[in-house]
Amino acid sequence: MSLTFAAVLPLPPLDDFGPAEALGGAFILTVALVASAHAVIYKREPRSAALWVVLIWTLPAAGAVLYLLLGINRVRRRATALRRQMVRHRTEPPLPATEGALAAQAAAHLLPLTRLVNQVIPRPLLAGNSIAVLRDGAAAYPAMLDAIASARTSIAMASYIFDGHGIGAEFVAALAGAHRRGVAVRVLIDDVDARFSRSTAVAPLRRAGVNTGVFNPPLFPARLSAVHLRNHRKILVVDGHAGFTGGINIDERYWRPQNPASACKDLHFRLNGPIVAHLMEVFADDWHFTTGQSLQGPTWFPPLQATGAALARGIEAGPDENYERLRWVIIGALNGAQRSVRILTPYFVPDAALISTLNAAAMRGVEVDILLPEVSDLAHIHWATFGQLWQVLERGCRVWLTPPSFDHSKLMVVDGVWTLFGSANWDARSLRLNFELNVECYCAALGAELEQMIGMKRGAARRIRLADVDQRSLPVKLRDGFARMFAPFL
(Lines give C-alpha, C1' and ligand atoms only; values in the text may rest on other atoms or scores of the structure.)
Protein backbone atom coordinates (compact mmCIF):
# COMPACT_ATOMS: atom_id res chain seq x y z
CA MET A 1 0.00 0.00 0.00
CA SER A 2 2.80 2.43 0.83
CA LEU A 3 4.36 1.79 -2.59
CA THR A 4 1.08 2.74 -4.24
CA PHE A 5 0.82 5.96 -2.26
CA ALA A 6 4.46 6.79 -2.94
CA ALA A 7 3.88 6.45 -6.67
CA VAL A 8 1.18 9.10 -6.50
CA LEU A 9 2.35 11.27 -3.65
CA PRO A 10 6.12 11.12 -2.88
CA LEU A 11 6.55 11.05 0.89
CA PRO A 12 9.76 11.84 2.82
CA PRO A 13 11.11 9.25 5.25
CA LEU A 14 9.00 8.88 8.38
CA ASP A 15 12.07 9.75 10.50
CA ASP A 16 11.80 13.32 9.12
CA PHE A 17 8.40 13.77 10.79
CA GLY A 18 7.79 14.68 14.41
CA PRO A 19 4.88 13.10 16.32
CA ALA A 20 2.47 15.90 15.36
CA GLU A 21 3.41 15.77 11.68
CA ALA A 22 3.19 11.98 11.60
CA LEU A 23 -0.24 12.10 13.24
CA GLY A 24 -1.39 14.75 10.75
CA GLY A 25 -0.12 12.72 7.82
CA ALA A 26 -1.88 9.60 9.08
CA PHE A 27 -5.09 11.60 9.47
CA ILE A 28 -4.86 12.93 5.91
CA LEU A 29 -4.26 9.45 4.52
CA THR A 30 -7.21 8.10 6.52
CA VAL A 31 -9.50 10.83 5.23
CA ALA A 32 -8.30 10.20 1.67
CA LEU A 33 -8.99 6.47 2.10
CA VAL A 34 -12.48 7.12 3.40
CA ALA A 35 -13.27 9.66 0.65
CA SER A 36 -12.00 7.44 -2.16
CA ALA A 37 -13.87 4.43 -0.74
CA HIS A 38 -17.07 6.49 -0.64
CA ALA A 39 -16.56 7.54 -4.28
CA VAL A 40 -15.92 3.96 -5.41
CA ILE A 41 -19.03 2.64 -3.64
CA TYR A 42 -21.58 5.41 -4.18
CA LYS A 43 -20.76 7.28 -7.39
CA ARG A 44 -23.10 6.03 -10.12
CA GLU A 45 -20.81 6.79 -13.05
CA PRO A 46 -17.52 4.81 -13.16
CA ARG A 47 -15.71 7.69 -14.85
CA SER A 48 -16.85 10.08 -12.14
CA ALA A 49 -15.66 7.68 -9.44
CA ALA A 50 -12.29 7.24 -11.17
CA LEU A 51 -11.76 10.99 -11.56
CA TRP A 52 -12.54 11.62 -7.90
CA VAL A 53 -10.17 8.87 -6.76
CA VAL A 54 -7.37 10.31 -8.92
CA LEU A 55 -8.00 13.81 -7.56
CA ILE A 56 -8.15 12.59 -3.96
CA TRP A 57 -4.82 10.79 -4.17
CA THR A 58 -3.12 13.48 -6.24
CA LEU A 59 -4.10 16.09 -3.66
CA PRO A 60 -4.95 14.02 -0.57
CA ALA A 61 -5.97 16.91 1.70
CA ALA A 62 -7.50 19.29 -0.85
CA GLY A 63 -8.98 16.45 -2.94
CA ALA A 64 -10.78 14.94 0.03
CA VAL A 65 -12.15 18.35 1.04
CA LEU A 66 -13.36 19.00 -2.51
CA TYR A 67 -15.06 15.60 -2.57
CA LEU A 68 -16.69 16.33 0.76
CA LEU A 69 -18.02 19.65 -0.55
CA LEU A 70 -18.88 18.79 -4.16
CA GLY A 71 -18.83 15.04 -4.65
CA ILE A 72 -21.48 13.86 -2.20
CA ASN A 73 -25.13 14.18 -3.18
CA ARG A 74 -26.26 16.06 -0.09
CA VAL A 75 -29.30 17.33 -1.93
CA ARG A 76 -30.80 13.87 -2.21
CA ARG A 77 -29.73 12.91 1.30
CA ARG A 78 -31.12 16.13 2.74
CA ALA A 79 -34.40 15.77 0.87
CA THR A 80 -34.83 12.16 1.94
CA ALA A 81 -34.06 12.96 5.58
CA LEU A 82 -36.38 15.95 5.67
CA ARG A 83 -39.34 14.15 4.12
CA ARG A 84 -38.88 10.64 5.53
CA GLN A 85 -41.21 11.18 8.50
CA MET A 86 -43.82 13.09 6.52
CA VAL A 87 -47.41 11.86 6.63
CA ARG A 88 -48.43 10.71 3.17
CA HIS A 89 -51.90 11.44 1.88
CA ARG A 90 -53.39 8.78 -0.42
CA THR A 91 -56.90 8.14 -1.69
CA GLU A 92 -58.51 4.96 -2.95
CA PRO A 93 -58.64 5.04 -6.78
CA PRO A 94 -62.27 4.98 -7.92
CA LEU A 95 -61.59 4.07 -11.55
CA PRO A 96 -58.35 2.19 -12.23
CA ALA A 97 -57.57 1.90 -15.93
CA THR A 98 -57.78 -1.41 -17.82
CA GLU A 99 -56.04 -2.81 -20.89
CA GLY A 100 -59.31 -2.40 -22.77
CA ALA A 101 -59.29 1.31 -21.97
CA LEU A 102 -55.80 1.58 -23.50
CA ALA A 103 -57.03 -0.11 -26.68
CA ALA A 104 -59.94 2.34 -26.85
CA GLN A 105 -57.40 5.19 -26.99
CA ALA A 106 -55.39 3.48 -29.78
CA ALA A 107 -52.62 2.96 -27.24
CA ALA A 108 -52.59 -0.83 -26.86
CA HIS A 109 -49.01 -0.94 -28.17
CA LEU A 110 -47.96 1.18 -25.17
CA LEU A 111 -49.04 -1.44 -22.63
CA PRO A 112 -45.33 -2.17 -21.83
CA LEU A 113 -44.93 1.52 -20.98
CA THR A 114 -47.88 1.29 -18.61
CA ARG A 115 -46.31 -1.72 -16.93
CA LEU A 116 -43.01 0.12 -16.52
CA VAL A 117 -44.66 3.19 -14.98
CA ASN A 118 -46.66 0.92 -12.67
CA GLN A 119 -43.32 -0.28 -11.31
CA VAL A 120 -41.89 3.21 -10.89
CA ILE A 121 -44.89 5.24 -9.72
CA PRO A 122 -46.97 4.14 -6.71
CA ARG A 123 -50.11 5.85 -8.00
CA PRO A 124 -52.41 3.95 -10.40
CA LEU A 125 -53.39 4.97 -13.91
CA LEU A 126 -56.96 6.27 -13.62
CA ALA A 127 -59.80 6.23 -16.12
CA GLY A 128 -62.64 8.71 -16.49
CA ASN A 129 -60.82 12.03 -16.85
CA SER A 130 -61.27 15.09 -19.02
CA ILE A 131 -58.33 17.33 -19.86
CA ALA A 132 -58.48 20.75 -21.52
CA VAL A 133 -55.50 22.58 -23.02
CA LEU A 134 -54.96 26.17 -21.89
CA ARG A 135 -52.54 27.88 -24.24
CA ASP A 136 -50.53 30.70 -22.69
CA GLY A 137 -51.45 32.99 -19.85
CA ALA A 138 -54.24 34.53 -21.93
CA ALA A 139 -56.22 31.27 -21.57
CA ALA A 140 -54.83 29.86 -18.32
CA TYR A 141 -55.10 32.85 -15.99
CA PRO A 142 -58.79 33.69 -16.66
CA ALA A 143 -59.75 30.02 -16.29
CA MET A 144 -57.88 29.74 -12.98
CA LEU A 145 -59.32 33.02 -11.66
CA ASP A 146 -62.84 31.93 -12.62
CA ALA A 147 -62.34 28.67 -10.74
CA ILE A 148 -61.09 30.54 -7.66
CA ALA A 149 -64.06 32.93 -7.84
CA SER A 150 -66.49 29.98 -7.91
CA ALA A 151 -64.84 28.08 -5.04
CA ARG A 152 -67.19 26.99 -2.25
CA THR A 153 -65.16 24.82 0.10
CA SER A 154 -61.40 24.76 -0.59
CA ILE A 155 -58.52 26.09 -2.69
CA ALA A 156 -55.04 24.54 -2.76
CA MET A 157 -52.48 26.42 -4.81
CA ALA A 158 -48.73 25.93 -5.28
CA SER A 159 -46.49 27.98 -7.53
CA TYR A 160 -42.73 28.14 -7.95
CA ILE A 161 -42.99 31.84 -8.81
CA PHE A 162 -45.89 33.90 -7.51
CA ASP A 163 -45.40 37.55 -8.44
CA GLY A 164 -47.57 39.90 -6.42
CA HIS A 165 -47.67 42.52 -9.18
CA GLY A 166 -49.76 42.69 -12.34
CA ILE A 167 -51.72 39.49 -12.90
CA GLY A 168 -50.34 38.23 -9.57
CA ALA A 169 -52.18 41.03 -7.78
CA GLU A 170 -55.42 39.76 -9.34
CA PHE A 171 -54.70 36.29 -7.97
CA VAL A 172 -53.97 37.74 -4.52
CA ALA A 173 -57.28 39.61 -4.61
CA ALA A 174 -59.19 36.51 -5.78
CA LEU A 175 -57.66 34.29 -3.09
CA ALA A 176 -58.27 36.91 -0.43
CA GLY A 177 -61.89 37.18 -1.57
CA ALA A 178 -62.32 33.41 -1.32
CA HIS A 179 -60.84 33.49 2.18
CA ARG A 180 -63.34 36.18 3.24
CA ARG A 181 -66.18 34.02 1.87
CA GLY A 182 -65.16 31.27 4.26
CA VAL A 183 -63.36 29.07 1.73
CA ALA A 184 -60.40 27.12 3.18
CA VAL A 185 -57.43 28.53 1.24
CA ARG A 186 -53.87 27.21 1.32
CA VAL A 187 -51.10 28.70 -0.83
CA LEU A 188 -47.57 27.30 -1.11
CA ILE A 189 -44.72 29.30 -2.66
CA ASP A 190 -41.15 28.16 -3.10
CA ASP A 191 -38.51 29.81 -0.96
CA VAL A 192 -36.46 30.92 -3.97
CA ASP A 193 -39.29 33.23 -5.00
CA ALA A 194 -40.19 34.21 -1.44
CA ARG A 195 -36.60 35.06 -0.49
CA PHE A 196 -35.07 36.53 -3.63
CA SER A 197 -37.97 38.24 -5.43
CA ARG A 198 -38.84 41.79 -4.44
CA SER A 199 -42.35 41.37 -5.80
CA THR A 200 -43.26 37.99 -4.28
CA ALA A 201 -46.89 37.56 -3.27
CA VAL A 202 -46.04 36.06 0.15
CA ALA A 203 -46.45 39.27 2.14
CA PRO A 204 -49.64 40.50 0.35
CA LEU A 205 -51.27 37.10 0.81
CA ARG A 206 -50.44 36.95 4.49
CA ARG A 207 -51.64 40.51 5.03
CA ALA A 208 -54.95 39.43 3.49
CA GLY A 209 -55.21 36.57 5.98
CA VAL A 210 -54.53 33.83 3.43
CA ASN A 211 -52.77 30.84 4.96
CA THR A 212 -49.48 30.89 3.01
CA GLY A 213 -46.54 28.52 3.38
CA VAL A 214 -42.97 28.90 2.14
CA PHE A 215 -41.47 25.64 0.95
CA ASN A 216 -38.16 24.62 2.54
CA PRO A 217 -36.58 27.90 3.66
CA PRO A 218 -32.80 27.35 3.80
CA LEU A 219 -30.99 28.34 6.99
CA PHE A 220 -27.44 29.54 6.35
CA PRO A 221 -25.06 27.84 6.70
CA ALA A 222 -26.28 24.56 8.20
CA ARG A 223 -28.82 23.98 5.45
CA LEU A 224 -27.08 25.75 2.58
CA SER A 225 -27.60 22.70 0.37
CA ALA A 226 -31.35 23.11 0.87
CA VAL A 227 -31.31 26.00 -1.60
CA HIS A 228 -31.33 23.30 -4.31
CA LEU A 229 -34.46 21.66 -2.89
CA ARG A 230 -36.86 23.74 -4.95
CA ASN A 231 -40.55 23.07 -5.28
CA HIS A 232 -41.03 23.67 -8.98
CA ARG A 233 -44.60 22.33 -9.05
CA LYS A 234 -47.58 24.32 -10.31
CA ILE A 235 -50.84 23.11 -8.78
CA LEU A 236 -54.29 24.58 -8.32
CA VAL A 237 -57.14 22.45 -6.97
CA VAL A 238 -60.53 24.04 -6.35
CA ASP A 239 -63.17 22.29 -4.22
CA GLY A 240 -61.26 19.05 -4.79
CA HIS A 241 -62.97 18.72 -8.20
CA ALA A 242 -61.16 21.06 -10.63
CA GLY A 243 -57.41 20.78 -11.06
CA PHE A 244 -54.89 22.88 -12.97
CA THR A 245 -51.26 22.08 -13.65
CA GLY A 246 -48.60 22.66 -16.29
CA GLY A 247 -45.70 25.03 -16.74
CA ILE A 248 -47.17 28.46 -16.05
CA ASN A 249 -46.06 30.43 -13.00
CA ILE A 250 -48.03 33.39 -11.69
CA ASP A 251 -45.92 36.00 -13.42
CA GLU A 252 -46.77 39.12 -15.40
CA ARG A 253 -44.33 38.06 -18.12
CA TYR A 254 -47.07 35.67 -19.27
CA TRP A 255 -49.83 38.30 -19.17
CA ARG A 256 -49.51 41.35 -21.41
CA PRO A 257 -52.98 42.16 -22.71
CA GLN A 258 -51.74 45.47 -24.13
CA ASN A 259 -49.13 43.63 -26.21
CA PRO A 260 -50.04 39.91 -26.39
CA ALA A 261 -47.32 39.07 -28.90
CA SER A 262 -44.63 39.96 -26.36
CA ALA A 263 -45.96 37.71 -23.60
CA CYS A 264 -44.07 34.49 -22.87
CA LYS A 265 -45.71 31.36 -24.24
CA ASP A 266 -46.54 28.32 -22.14
CA LEU A 267 -49.00 25.47 -21.68
CA HIS A 268 -51.31 24.76 -18.78
CA PHE A 269 -54.08 22.19 -18.42
CA ARG A 270 -57.43 21.94 -16.67
CA LEU A 271 -58.18 18.48 -15.30
CA ASN A 272 -61.43 16.99 -14.05
CA GLY A 273 -62.18 13.50 -12.85
CA PRO A 274 -60.33 11.08 -10.55
CA ILE A 275 -56.91 12.45 -11.59
CA VAL A 276 -57.60 15.60 -9.52
CA ALA A 277 -57.04 13.52 -6.37
CA HIS A 278 -53.43 12.91 -7.46
CA LEU A 279 -52.81 16.66 -7.69
CA MET A 280 -54.39 17.19 -4.28
CA GLU A 281 -52.35 14.37 -2.72
CA VAL A 282 -49.10 15.93 -3.91
CA PHE A 283 -50.13 19.33 -2.59
CA ALA A 284 -51.20 17.83 0.75
CA ASP A 285 -47.81 16.09 1.07
CA ASP A 286 -45.95 19.34 0.39
CA TRP A 287 -48.19 21.32 2.73
CA HIS A 288 -47.64 18.87 5.56
CA PHE A 289 -43.88 18.92 4.92
CA THR A 290 -43.86 22.73 5.02
CA THR A 291 -46.26 23.45 7.86
CA GLY A 292 -46.83 20.18 9.73
CA GLN A 293 -50.58 20.55 9.05
CA SER A 294 -52.62 17.72 7.51
CA LEU A 295 -55.24 18.32 4.85
CA GLN A 296 -57.79 15.53 5.03
CA GLY A 297 -61.48 14.82 4.65
CA PRO A 298 -64.10 15.76 2.04
CA THR A 299 -63.16 19.44 2.11
CA TRP A 300 -59.97 18.54 0.30
CA PHE A 301 -60.73 15.04 -0.99
CA PRO A 302 -64.40 14.80 -2.06
CA PRO A 303 -65.70 11.79 -4.03
CA LEU A 304 -64.81 12.11 -7.70
CA GLN A 305 -66.82 10.81 -10.64
CA ALA A 306 -65.89 10.14 -14.24
CA THR A 307 -65.98 13.21 -16.46
CA GLY A 308 -64.37 11.91 -19.67
CA ALA A 309 -62.52 9.09 -21.39
CA ALA A 310 -58.88 10.06 -20.79
CA LEU A 311 -56.57 7.80 -18.78
CA ALA A 312 -54.25 9.79 -16.55
CA ARG A 313 -51.79 9.50 -13.68
CA GLY A 314 -49.90 12.02 -11.58
CA ILE A 315 -46.12 11.57 -11.62
CA GLU A 316 -44.47 13.05 -8.56
CA ALA A 317 -40.69 13.37 -8.82
CA GLY A 318 -38.01 14.85 -6.61
CA PRO A 319 -34.54 14.39 -5.09
CA ASP A 320 -35.90 12.34 -2.17
CA GLU A 321 -37.29 8.81 -2.48
CA ASN A 322 -38.90 9.85 -5.77
CA TYR A 323 -35.43 10.26 -7.34
CA GLU A 324 -35.21 9.58 -11.10
CA ARG A 325 -38.84 8.51 -11.45
CA LEU A 326 -39.38 10.94 -14.29
CA ARG A 327 -36.28 9.77 -16.15
CA TRP A 328 -37.61 6.21 -16.09
CA VAL A 329 -40.95 7.35 -17.48
CA ILE A 330 -39.32 9.32 -20.30
CA ILE A 331 -36.97 6.48 -21.21
CA GLY A 332 -39.88 4.04 -21.23
CA ALA A 333 -41.93 6.32 -23.48
CA LEU A 334 -39.05 6.77 -25.93
CA ASN A 335 -38.48 3.02 -26.07
CA GLY A 336 -42.19 2.38 -26.62
CA ALA A 337 -42.64 4.91 -29.43
CA GLN A 338 -43.44 3.39 -32.83
CA ARG A 339 -44.21 6.39 -35.02
CA SER A 340 -43.42 9.77 -33.50
CA VAL A 341 -42.02 11.65 -30.51
CA ARG A 342 -42.65 15.39 -30.14
CA ILE A 343 -40.86 17.31 -27.39
CA LEU A 344 -41.33 20.92 -26.36
CA THR A 345 -39.03 22.22 -23.66
CA PRO A 346 -37.48 25.59 -22.83
CA TYR A 347 -34.28 24.00 -21.47
CA PHE A 348 -32.74 20.98 -23.20
CA VAL A 349 -29.63 19.65 -21.47
CA PRO A 350 -30.28 15.88 -21.29
CA ASP A 351 -27.78 13.43 -19.85
CA ALA A 352 -26.02 10.68 -21.80
CA ALA A 353 -28.72 8.06 -21.13
CA LEU A 354 -31.52 10.27 -22.44
CA ILE A 355 -29.45 11.27 -25.48
CA SER A 356 -28.81 7.61 -26.29
CA THR A 357 -32.49 6.75 -25.93
CA LEU A 358 -33.53 9.65 -28.16
CA ASN A 359 -31.02 8.55 -30.77
CA ALA A 360 -32.12 4.92 -30.55
CA ALA A 361 -35.71 5.97 -31.25
CA ALA A 362 -34.63 8.03 -34.26
CA MET A 363 -32.51 5.18 -35.63
CA ARG A 364 -35.49 2.83 -35.30
CA GLY A 365 -37.33 5.09 -37.73
CA VAL A 366 -39.36 7.06 -35.19
CA GLU A 367 -39.83 10.74 -36.05
CA VAL A 368 -38.20 12.60 -33.16
CA ASP A 369 -38.92 16.35 -33.18
CA ILE A 370 -37.43 18.58 -30.47
CA LEU A 371 -38.77 22.14 -30.37
CA LEU A 372 -36.71 24.70 -28.46
CA PRO A 373 -37.04 28.48 -28.13
CA GLU A 374 -34.88 30.56 -30.45
CA VAL A 375 -34.37 33.07 -27.64
CA SER A 376 -33.96 31.89 -24.06
CA ASP A 377 -34.38 33.69 -20.76
CA LEU A 378 -31.30 31.87 -19.40
CA ALA A 379 -28.32 32.38 -21.70
CA HIS A 380 -26.00 29.88 -19.99
CA ILE A 381 -28.51 27.03 -20.45
CA HIS A 382 -29.01 28.05 -24.08
CA TRP A 383 -25.23 27.83 -24.58
CA ALA A 384 -25.06 24.42 -22.91
CA THR A 385 -27.87 23.22 -25.18
CA PHE A 386 -25.93 24.16 -28.30
CA GLY A 387 -22.83 22.63 -26.80
CA GLN A 388 -24.38 19.17 -27.11
CA LEU A 389 -27.03 19.44 -29.85
CA TRP A 390 -24.74 17.63 -32.26
CA GLN A 391 -25.19 14.49 -30.19
CA VAL A 392 -28.87 14.19 -31.18
CA LEU A 393 -28.59 15.73 -34.63
CA GLU A 394 -26.01 13.26 -35.89
CA ARG A 395 -28.35 10.30 -35.30
CA GLY A 396 -31.44 11.67 -37.00
CA CYS A 397 -33.36 13.66 -34.35
CA ARG A 398 -34.82 16.86 -35.75
CA VAL A 399 -34.38 20.11 -33.83
CA TRP A 400 -36.46 23.23 -34.40
CA LEU A 401 -36.07 26.73 -32.97
CA THR A 402 -39.37 28.51 -32.35
CA PRO A 403 -39.42 32.29 -32.87
CA PRO A 404 -39.84 34.85 -30.08
CA SER A 405 -41.42 35.46 -27.72
CA PHE A 406 -39.84 33.01 -25.27
CA ASP A 407 -41.66 29.66 -25.20
CA HIS A 408 -41.67 28.06 -21.74
CA SER A 409 -43.85 25.08 -22.81
CA LYS A 410 -43.08 21.61 -21.42
CA LEU A 411 -44.68 18.78 -23.36
CA MET A 412 -43.97 15.32 -24.74
CA VAL A 413 -46.31 13.47 -27.12
CA VAL A 414 -45.69 9.88 -28.26
CA ASP A 415 -47.48 8.37 -31.27
CA GLY A 416 -50.20 11.00 -30.95
CA VAL A 417 -51.86 9.15 -28.04
CA TRP A 418 -49.60 9.44 -24.97
CA THR A 419 -48.89 12.84 -23.48
CA LEU A 420 -46.62 13.98 -20.65
CA PHE A 421 -47.13 17.52 -19.36
CA GLY A 422 -46.33 19.40 -16.21
CA SER A 423 -43.53 21.35 -14.56
CA ALA A 424 -40.36 19.45 -15.52
CA ASN A 425 -37.78 20.51 -18.08
CA TRP A 426 -35.24 18.34 -19.90
CA ASP A 427 -32.32 19.27 -17.66
CA ALA A 428 -30.56 17.99 -14.57
CA ARG A 429 -32.24 20.46 -12.24
CA SER A 430 -35.70 19.16 -13.11
CA LEU A 431 -34.72 15.50 -13.36
CA ARG A 432 -32.44 15.33 -10.30
CA LEU A 433 -32.88 18.33 -7.98
CA ASN A 434 -36.33 19.91 -8.14
CA PHE A 435 -39.62 18.66 -6.76
CA GLU A 436 -41.73 18.31 -9.91
CA LEU A 437 -45.23 17.23 -10.87
CA ASN A 438 -46.14 15.88 -14.28
CA VAL A 439 -49.18 14.05 -15.60
CA GLU A 440 -49.15 11.23 -18.13
CA CYS A 441 -52.26 10.84 -20.23
CA TYR A 442 -53.49 8.28 -22.75
CA CYS A 443 -56.04 10.08 -24.91
CA ALA A 444 -56.22 10.07 -28.72
CA ALA A 445 -58.34 13.25 -28.82
CA LEU A 446 -55.92 15.20 -26.62
CA GLY A 447 -52.96 13.80 -28.56
CA ALA A 448 -54.48 14.91 -31.87
CA GLU A 449 -55.10 18.42 -30.54
CA LEU A 450 -51.55 18.72 -29.29
CA GLU A 451 -50.09 17.24 -32.49
CA GLN A 452 -51.90 19.93 -34.45
CA MET A 453 -50.60 22.64 -32.12
CA ILE A 454 -47.04 21.30 -32.37
CA GLY A 455 -47.35 21.16 -36.15
CA MET A 456 -48.25 24.85 -36.22
CA LYS A 457 -45.31 25.70 -33.99
CA ARG A 458 -42.99 23.62 -36.17
CA GLY A 459 -44.30 25.33 -39.29
CA ALA A 460 -43.21 28.70 -37.90
CA ALA A 461 -39.89 27.41 -36.56
CA ARG A 462 -36.40 27.27 -38.03
CA ARG A 463 -34.85 23.85 -38.36
CA ILE A 464 -31.32 23.43 -37.02
CA ARG A 465 -29.11 20.92 -38.82
CA LEU A 466 -25.78 19.40 -37.89
CA ALA A 467 -24.01 21.70 -40.34
CA ASP A 468 -25.41 24.76 -38.54
CA VAL A 469 -23.98 23.57 -35.25
CA ASP A 470 -20.63 22.70 -36.83
CA GLN A 471 -20.35 26.16 -38.42
CA ARG A 472 -20.32 28.02 -35.12
CA SER A 473 -17.19 30.08 -34.62
CA LEU A 474 -14.43 28.75 -32.37
CA PRO A 475 -15.11 31.26 -29.56
CA VAL A 476 -18.79 30.31 -29.60
CA LYS A 477 -17.95 26.60 -29.54
CA LEU A 478 -15.64 27.17 -26.58
CA ARG A 479 -18.30 29.18 -24.76
CA ASP A 480 -20.98 26.55 -25.39
CA GLY A 481 -18.66 23.69 -24.49
CA PHE A 482 -17.64 25.37 -21.27
CA ALA A 483 -21.31 25.90 -20.33
CA ARG A 484 -22.02 22.23 -21.09
CA MET A 485 -19.41 21.20 -18.51
CA PHE A 486 -21.79 22.50 -15.85
CA ALA A 487 -24.84 20.68 -17.25
CA PRO A 488 -25.35 18.56 -14.09
CA PHE A 489 -25.83 21.76 -12.07
CA LEU A 490 -27.87 23.90 -14.49
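Select Arg462. In this predicted model, Arg462 is partly exposed at 41% relative accessibility. The term covers what falls between buried (under 20% relative accessible area) and exposed (over 50%), with a 1.4 Å probe and protein chains only. A salt bridge here is a side-chain nitrogen of Lys or Arg within 4 Å of a carboxyl oxygen of Asp or Glu. Arg462 sits in strand β15 (residues 462-464), while Glu374 is in the loop between β10 (367-373) and α15 (379-388), 88 residues apart. Helices (H or I, at least four residues) and strands (E, at least two) are DSSP runs, numbered from the N terminus.

Before moving on, two notes on reading the model. Residues are numbered from 1 along each chain as its sequence is written, and side-chain values use heavy atoms, with hydrogens and water left out. This is a predicted model in which local features need pLDDT of at least 70 and side-chain atom pairs count only at pLDDT 80 or more, whereas totals for chains, interfaces and linings use all residues.

Next, select Asp286 and Arg233. Are they buried or exposed? Asp286 is buried, at 1% relative accessibility. Arg233 is buried too, at 0%. They form a salt bridge, with the closest N and O atoms 2.6 Å apart. Asp286 belongs to helix α12 (residues 276-291), and Arg233 to the loop between β4 (211-215) and β5 (235-238); 53 residues separate the pair.

Go to Glu451 and Arg342. Their closest N and O atoms are 3.3 Å apart in another salt bridge. Glu451 lies in helix α18 (residues 444-459) and Arg342 in strand β9 (residues 340-344), so the pair ties together parts 109 residues apart in sequence. Arg342 is buried, at 8% relative accessibility.

Now select helix α7 (residues 111-120). Which of its residues are buried? They are Leu111, Leu113, Thr114, Val117 and Val120. Show what covers them: the cover includes α6 (99-104), β8 (310-317), α13 (325-336), β13 (418-422) and β14 (436-442).

For a surface stop, select Phe27, Ile28 and Val31. They make a nonpolar patch of about 260 Å². Patches are made of residues with over 30% relative accessible area and no salt bridge; like charges are joined within 9 Å, nonpolar side chains (Val, Leu, Ile, Met, Phe, Trp, Tyr) within 5 Å. Ile28 is in helix α2 (residues 19-42) and is partly exposed, at 33%.

Zoom out to the whole chain. It holds 20 helices and 15 strands. Of its 490 residues, 54% count as buried. The chain exposes about 21300 Å², and carbon and sulfur atoms supply 60% of that. Areas come from the Shrake-Rupley method with a 1.4 Å probe; for residues, only the protein chains shown count as cover. Among contacts (heavy atoms within 4.5 Å) between residues at least 6 apart in sequence, 81% join residues at least 24 apart.

Finally, colour by pLDDT, the predictor's confidence in each residue, from 0 to 100. The chain mean is 86, and 83% of the residues reach 70 or more. Select residues 1-9: pLDDT is below 50 there, and the stretch has 7 contacts in the model beyond near neighbours in sequence.
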